[in-house]
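Please go through the strands, the pocket and a few single residues of the model shown here. A short report follows.

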Amino acid sequence: MAVTQTSLTEHVKPLTLPAEVVGAAFLNGTPAFALADGTARLGEGADQSLTLHEDGVVLVAQALNGRMVTGGDDGRVVELRADGSVQELGNEKGKWIDALALREDGATAWTI
């Protein structure tokens, strides 16, 4: 019996994004990319662009249970959902967000 071989490269789609990727995840099956320029891209072709940190940069990103949370040099902690909704979770008034931690029940922690 002949064995059909497949390659991982058959399932890879190259993307050209406008900034460095700080974090990437699948949010309920939707590809999501947090970019260093303060934006996020959603979708198979990363064609939906969302502003997370206006006039700021994303320093850190974590994802869990269908949400991606980013922290920026603007002091904001922002949650992104697969449907494109964005919500500010915290604002440390211009202090840099150094690290994030997410918990299964939706709790979010960060350091400055």
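Two strands count as paired if DSSP finds at least two bridges between them. With that rule, L27 stands opposite T30 in β2. The model is a predicted one.

**The sheet β1 to β4**

How many bridges join β1 to β2? There are 6, and the two strands run antiparallel. They belong to an open sheet of 4 strands, ordered β1-β2-β3-β4, with antiparallel pairing. β1 and β4 (48–51) are the edge strands. Each has a single partner strand, so one side of each is left without a neighbour in the sheet. On average, neighbouring strands of this sheet are turned by 20 degrees against each other, direction ignored.

P18 sits in the segment before β1. Its contacts, leaving aside neighbours within four places in sequence, are L35, D37 and R41. From P18 to W96 the separation is 78 residues in sequence. In space, the C-alpha atoms of P18 and W96 are 22 Å apart.

**The largest pocket**

What volume does the largest pocket hold? About 270 Å³ of space lies in it. The lining includes H11, V12, K13, P14 and L15. Also among the lining residues are A24, A25, F26, P31, A32, F33 and E44. The elements that give two or more residues to this lining are β1 (21–27) and β2 (30–35). By class, the lining has 9 nonpolar residues, 1 polar residue and 2 charged residues.

**The sheet β5 to β8**

A further open sheet has 4 strands in the order β5-β6-β7-β8. Its pairing is antiparallel. Here β5 (58–64) and β8 (86–91) stand at the edges. Each of these edge strands has a single partner strand, so one side of each lacks a neighbour in the sheet. Neighbouring strands of this sheet are turned by 20 degrees against each other on average, direction ignored.

Strand β7 (residues 76–81) pairs with β8 in the antiparallel sense, over 5 bridges. The bridge partner of L80 is V86, in β8.

Strand β6 (residues 67–72) holds G71. Is G71 buried or exposed? Its relative accessible area is 0%, so G71 is buried. The cut-off for buried is under 20%. Leaving aside neighbours within four places in sequence, G71 is in contact with H53, V57, V58, L59 and V60, among others. R76, I97 and L100 are also among the contacts of G71. G71 and T30 are 41 residues apart in sequence, and 21 Å apart in space from C-alpha to C-alpha.

**The hairpin β9 to β10**

β9 (99–102) and β10 (residues 108–111) pair in the antiparallel sense over 4 bridges. The two strands form a hairpin with 5 residues between them. In the turn, G106 has a positive phi of about 100 degrees. Two bridge partners can be named. L102 is partnered by T108 in β10. A101 is partnered by A109, also in β10.

Which residues form the covered face of β9? L100 and L102 do, while A99 and A101 make up the uncovered face. L100 is also one of the contacts of G71.

**Positive phi in loops**

Most residues other than glycine have a negative phi. For D55, phi is near 60 degrees. For K93, phi is near 50 degrees. Neither residue is a glycine.

Key:
Residues numbered from 1 in each chain as written. Predicted model: local features only at pLDDT ≥ 70, side-chain atom pairs only at ≥ 80, totals over all residues. Heavy atoms only, no water. Axes fitted to C-alpha atoms, helices over the stretch in contact; angles between N-to-C directions. 1 Å grid on protein atoms, 1.4 Å probe; cavity = no way out; pocket = protein on both sides within 12 Å on 5 of 7 lines; lining within 4 Å. Points joined across faces, edges and corners; volume = space filled by probe spheres on them. Nonpolar A, V, L, I, M, F, W, Y, C, P; charged D, E, K, R; others polar. Contact = heavy atoms within 4.5 Å. Buried < 20%, exposed > 50% of the residue type's maximum accessible area, 1.4 Å probe, protein only.
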